[in-house]
Amino acid sequence: MARCDWKRPENFDASEGRRRIGILVSYDGRAFCGWQSQDGVTTVQQTIVEAVRKLTGQSDVEVCGSGRTDSGVHAWGQVAHIEIDDCTIPAKAFCQGLNVILPVYVRIRDSWDAGRSFHARYSAMAREYRYFMKEGRGKDCFSDGLIADIGNFPSFELLNGYAACIVGTHDFTSFASSKDVCPSKVRDIYESEFFMTTSVYGEDVLCYRICGNAFLYHMVRSLVGTMVQMGQKGLPESDFRCVLEKKDRSLCGKTASAGGLYLWRVSYDAEEYMWFEEKYGNTH
């Protein structure tokens, strides 16, 4: 899909007299009912809004993230912008100042003067998610809700065969929740791979890494759940490709749990995935 076909506003500048501060955010999703503000529940967005109000003394505060995460989903590299009336607080001071106010399960890793034309969502060029899994040996007090327990690891060859099918421009209707309201289910996927890593407790962990321009509701968790379950059954790559191409939600596997998923990184570099634009930009 060509970038010119992305459905984004032509102008998303802040109003005159308003200032935007960029922030890099990490959070433990177990403490929140997702990113987006909702009445009657604790969310990341509203928690940050309240902290900014306390820090600045302003009531007209907006916080916009690069994307929404569901209840129980974590972030290592969520990017957001704070929009407030112009003030004298240095941009770098927001990082330390907010961390004094915020609960320990959400941290501001960096803050900067983003400029009035920066928008955390509409300026983003790519988003990377990672999903962490371990073999089933029973629950423990450290990783429960942070790393998914999937039983036995499937064949790496099969998993990466499935993962390779996803790279490119595809209609992901099969992997979109029935609650997804996006009119188009077409997305660009730049990278998709499984690899082994080690947790901070020294155990082997399977990680799925996917990077694309944007994602549908529950798309990554549906992809992971389907690939892992098909891999455990030893099904060939052609079966997974069939699920993708059929655009039939009933063909995909059980959606993976929220606890293993992390919004890992957001890229604002227009050149980073220009190779994809050159290779796939004229396809629809």
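Leaving aside residues up to four places away in sequence, Ser222 touches Phe175, Arg249 and Thr255, where a contact means heavy atoms within 4.5 Å. This is a predicted model, in which local features need pLDDT of at least 70, side-chain atom pairs count only at pLDDT 80 or more, and totals for chains, interfaces and linings use all residues. Residues are numbered from 1 along each chain as its sequence is written, and side-chain values use heavy atoms, with hydrogens and water left out.

Let's stay with Ser222 for a moment. Its place is in helix H4; helices (H or I, at least four residues) and strands (E, at least two) are DSSP runs numbered from the N terminus. Ser222 is buried, with a relative accessible area of 0%. Here buried means under 20% relative accessible area, exposed over 50% and partly exposed in between, with a 1.4 Å probe and protein chains only. The side chains of Ser222 and Arg249 are joined by a polar contact of 2.9 Å (a pair of N or O atoms within 3.5 Å; within protein, one must be able to donate a hydrogen and the other to accept it, and residues adjacent in sequence count only if both atoms are side-chain atoms).

Among the 43 lining residues, the closest to the pocket's centre are Arg68, Arg121, Cys182, Arg187 and Phe215. On a 1 Å grid over the protein atoms alone, a pocket is an open set of points where a 1.4 Å probe fits, with protein on both sides within 12 Å along at least five of seven lines, and lining residues have an atom within 4 Å of a point.

Now follow strand S5, which holds Arg127. Arg127 is buried, with a relative accessible area of 9%. Its side chain reaches the backbone oxygen of Asn213 at 2.6 Å and that of Arg121 at 3.0 Å. Arg127 also touches other residues, including Ser66, Ile210 and Phe215.

Tyr129 lies in strand S5 too, and Phe215 in the loop between strand S9 (204-212) and H4. Tyr129 is buried, with a relative accessible area of 9%, and Phe215 counts as buried at 17%.
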